[in-house]
Amino acid sequence: MVSTATAGQTCPGPMKATSNGIFQGDNPLHFALPLAIVQLCLVVVVTRGLAFLMRPLKQPRVIAEIFGGILLGPSALGRNKSYMHAVFPSQSLTVLDTLANLGLLFFLFLVGLELDPKSLRQTGNKALGIAIAGISLPFALGIGSSFVLRETISKGVNATSFLVFMGVALSITAFPVLARILAELKLLTTDVGRIAMSAAAVNDVVAWILLALAISLSGTDKSPLVPIWVFLCGCGFVVGAILVFPPIFKWMAQRCHEGEPVDEMYICATIAAVLAAGFVTDAIGIHAMFGAFVIGVLVPKAGSFAGALVEKVEDLVSGLFLPLYFVSSGLKTNIATIQGLQSWGLLALVIFTACFGKIFGTLVVSLLCKVPVRKAFALGFLMNSKGLVELIVLNIGKDRKVLNDQTFAIMVLMALFTTFITTPLVVAVYGPAKRLRMDEYKNRTIERENPNTQLRILACYHSARNIPSMVNLLEASRGSERHEGLCVYSMHLMELSERSSAILMVHKARKNGLPFWNKGQRSDSDHFFVVFEAYRQLSRVSIRPMRAISSISGMHEDICSTAERKRAAIIIIPYHKHHRVDGSLETARNDFRGVNRKVLEHAQCSVGILVDRGLGGTTHVAASNVSHFIMVLFFGGCDDREALAYGARMAEHPGIRLMVVRFIVEPESMGEIVRVNMDESSSTKFVSADEEFLSEFKQNMVKDDTITYEERVVRNAADTIAVLREVNHCNLFLVGRMPEGEVALGLSRRSECPELGPVGSLLTSPEFSTTASVLVVQQYNSRASSNLVQWMEEESPERLST
């Protein structure tokens, strides 16, 4: 029989899994499952809320997650004992840590998926030198600072373990965090981005090896031989995994074909292998995450197998379980332990040591490799970013009693500070390139004084669905041989989501801007490049395939900046709806509509939105087989002149017939068709730009029998619509986005899609039956930008869902 006094001193027993409900007197927060649900929800709300608030600062999400963990811990909200006992009681921490480490296990598996051993072997000397310098100097300085810490706030800890842990903590560069920062700063596909990612990948692998060494050295209580056995067994596990798993994974990957769902058995088998490997490495005495990391590295990166694993695992792990790890770290972080001048001085010393080692080491090697000074500083700041990997090292050190509470808090703040300053420092020294001077960027429109100069087009596409019509449109734009030629930059628009994994983003982005494709395995985007390369060889058109990898909110920036950098005269972007078999238009992704609107608003050249109804069919039409009938609808204004200028260039193609229909308001002779004799020279003095442009057009095309010019006299919008129904038997309509004149004013009341304008909206509406594609053109006009924004904002919010 246990006495009352003894019973009062016993620790609270383990929580039951589920409660009987509040109606039976149970408090859900006293049971493991409902309490874990509350903790999960609280963590997700806090971290996502902070990430949203920090989005304008272009900070990676890990900053918000680290800060959120500290906020929920004893440094802030945890000062309230009632809150801590209710939401994070001590008996719930085992379940919380288990879920957090399970999320960490699969996250390290994803990190392993991001690292391609083949790419590491191909790392250039420059990136390799930067990686070595970025590890060795900070590691040495970390060892030096560890002596200072051991003499002050870390007395009594194991010397060898503490030295290695401090060296590893200061020498780490967070590969996933760096990828996110580079993407936010639009540097992922630049030389700086490629060097930084290659160096960070090497740094990541070396850091995990050093961490494994540090862990093996941290358990020396029983025998000095234990660390040796742990390290040797860890090496044996890696060798065994290299011998056993790659053939199995290769066999699975070969049976996973592009465009087909991956067999669920392969996914389950891989997840089981991750868990089994985690169990083995934990039993060895390293950490379960190392086994998961090794399995991720060994999975083949080619084909759809790796991508399917990411899709199955990532959202649940990164969105739900991984944030628990930051809270678990935050509960161990108590900033209040940093008290007094000595402690804050040690924090400043650690921050200075970490920053100086990374930045100075990277800077020196970069300059020796003849990297420009600004790029060298940018590389130094980028390599200084920490993140989740840093927290993993610190948490293992805390659990192994190598780091005490004060040292742990100092190191967490160091990781938070170094990562936070990365973005502003890189922007300061290596911000967006200065805009081209106006005299360097003359031909911003298709309408120009000398139409024979080279035409530069930036053709954007989202998927394979957009490519056939885009290629056929480019073929039509080729013109005649008397022109200086057509130069096309085909840009594959790829969305960078909020996912933490960079497997698709990084490996595809490294090849951006390089000639066409790499030898070996090809991704979907590489197949797109092959299409444009084949067209280039057949048509003698200069084509440069590119990729833009960015978030939806920043995609327009990539498009506009690329067009300006390449001095494009027009940007062609696909409409956000695609053509269905029954002839109607179906919304593919409504957020692409926002991208198009922003491009129209910010582009420094002309813009065309292509409403594709199968121009030329579903395949590329050879030049000798091109037979298109193109219709230009001319109401007046600069946009209509741009459309007509584009049509005039297309008309030079031997396989294209062009018809220009001009709409005139003249009540005395409404409905009449006026045929214009193009051989007659008019003596009328034209006062408007439209009249001058049309006069020059008719003079230039006087001997071309493939061009028809008509003037239709209409009285109102109904007459205009009737004429459009009469002439809708064509392959492509070319229209201005904002036509001018009384006729266009009557149609503007019918506009349901501001980015297409009144005529484009009418031609794409369900009431207007046609099989013709539509290219809506907006001519660049620097003075019209404010008017465009105001006109779009005046449209009703309900129409944005069209």
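Set aside the neighbours within four places in sequence, and S366 is in contact with I130, V371, A376 and L379, where contact means heavy atoms within 4.5 Å. The place of S366 is in helix α15, residues 340-368. Helices here are DSSP runs of H or I with at least four residues, strands are runs of E with at least two, and both are numbered from the N terminus. S366 counts as buried because its relative accessibility is 0%; buried means under 20% relative accessible area, exposed over 50%, and partly exposed in between, with a 1.4 Å probe and protein chains only.

Before going on, a word on what you're looking at. This is a predicted model, with local features needing pLDDT of at least 70 and side-chain atom pairs counting only at pLDDT 80 or more, while totals for chains, interfaces and linings use all residues. Residues are numbered from 1 along each chain as its sequence is written, and side-chain values use heavy atoms, with hydrogens and water left out.

K370 sits in the loop between α15 and α16 (373-383), and its phi is near 65°, a positive value in a residue other than glycine. Most residues other than glycine have a negative phi. K370 counts as exposed because its relative accessibility is 78%. R567 also has a positive phi, near 55°, and its place is in the loop between α23 (555-565) and β4 (570-574). With a relative accessible area of 32%, R567 is partly exposed.

Zoom out for a moment. The protein has 30 helices and 13 strands, and 55% of its 802 residues are buried. Among contacts with a separation of 6 or more, 80% are between residues 24 or more positions apart.

What about the inside? The largest nonpolar core has 147 residues, and L211 and F305 have the most contacts within it. Such a core is a set of buried Ala, Val, Leu, Ile, Met, Phe, Trp, Tyr and Cys residues joined through side-chain atoms within 4.5 Å. Helix α10 (residues 191-217) gives the most to this core, with 15 residues. Beyond its neighbours within four places in sequence, L211 touches F165, V168, M289, F290, V393 and I396. Apart from this core lies another, of 55 residues, including V599, V611, L633 and L762.

W229 lies in α11 and counts as exposed because its relative accessibility is 56%.

Last, the rings. The whole structure holds 7 aromatic pairs. F245 and F249 have ring centres 5.8 Å apart and planes at 20°, so the pair is stacked; rings of Phe, Tyr and Trp (its six-membered ring) pair if their centres lie within 6.5 Å, with planes under 30 degrees apart counting as stacked, over 60 as edge-to-face and the rest as tilted. Because F245 and F249 are 4 residues apart in helix α11, about one helical turn separates them. The rings of F377 and F381 have centres 6.2 Å apart and planes at 35°, so that pair is tilted. F377 is partly exposed, at 32% relative accessible area, whereas F381 counts as buried at 11%.
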